[in-house]
Amino acid sequence: MHNHIRVLREDKKISQGKLAELCRVSRQTINAIENNKYDPSLQLAFDIAKNLDTTIDWLFLPKGGN
């Protein structure tokens with residue numbers, strides 16, 4: 001799965017650490033998700049989307065997606 005988390009997070013000037021705090025996970029978890037090394041749980045995906053004020057379908061794309 002690919003994602004737009006880094007792009008949106010940086011546009012909103014939110015650090016990985018701050019997003020991690022808002023989502024109640026470690027900064028390393030956010031880093032791993034952004035680098036496509038870890039697929040988040042559905043709950044965490046909802047939390048990330050909520051905290052970045054977007055939708056899951058915009059944030060996450062299946063492999064091969066744009």
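## Helices and the annotated span

Helices here are DSSP runs of H or I with at least four residues, numbered from the N terminus, and by that naming arginine 24 sits in the loop between H2 and H3. The model is a predicted one.

The UniProt record, an unreviewed entry, lists residues 5-59 as "domain: HTH cro/C1-type". In the model this span is 67% helix and 0% strand, and its end C-alpha atoms lie 6 Å apart.

## The nonpolar core

The largest nonpolar core holds 15 residues, and those with the most contacts inside it are Ile5, Leu19, Ile33, Ile48, Leu52, Leu59 and Phe60. Two or more residues each are given to this core by helix H1 (5-11), helix H2 (16-23), helix H3 (27-34) and helix H4 (42-51), with H4 supplying the largest share, 4 residues.

Isoleucine 33 illustrates how parts of the chain meet: once its neighbours within four places in sequence are set aside, isoleucine 33 is in contact with Asn3, Ile5, Tyr38, Pro40, Leu44, Ile48 and Phe60.

## Two loop residues with positive phi

Lysine 13, which lies in the loop between H1 and H2, has a phi near 55°, a positive value in a residue other than glycine. Lysine 13 has a relative accessible area of 74% and is therefore exposed, the cut-off for that term being over 50%.

Arginine 24, in the loop between H2 and H3, likewise is not a glycine and has a positive phi of about 60°. With a relative accessible area of 66%, arginine 24 is exposed.

Technical notes:
Residues are numbered from 1 along each chain as its sequence is written. This is a predicted model: local features need pLDDT of at least 70, side-chain atom pairs count only at pLDDT 80 or more; totals for chains, interfaces and linings use all residues. Side-chain values use heavy atoms; hydrogens and water are left out. A nonpolar core is a set of buried Ala, Val, Leu, Ile, Met, Phe, Trp, Tyr and Cys residues joined through side-chain atoms within 4.5 Å. Buried means under 20% relative accessible area, exposed over 50%, partly exposed in between (1.4 Å probe, protein chains only). Contact means heavy atoms within 4.5 Å. UniProt positions are given in the numbering used here, feature names are shortened, and annotations may be inferred rather than shown by experiment.
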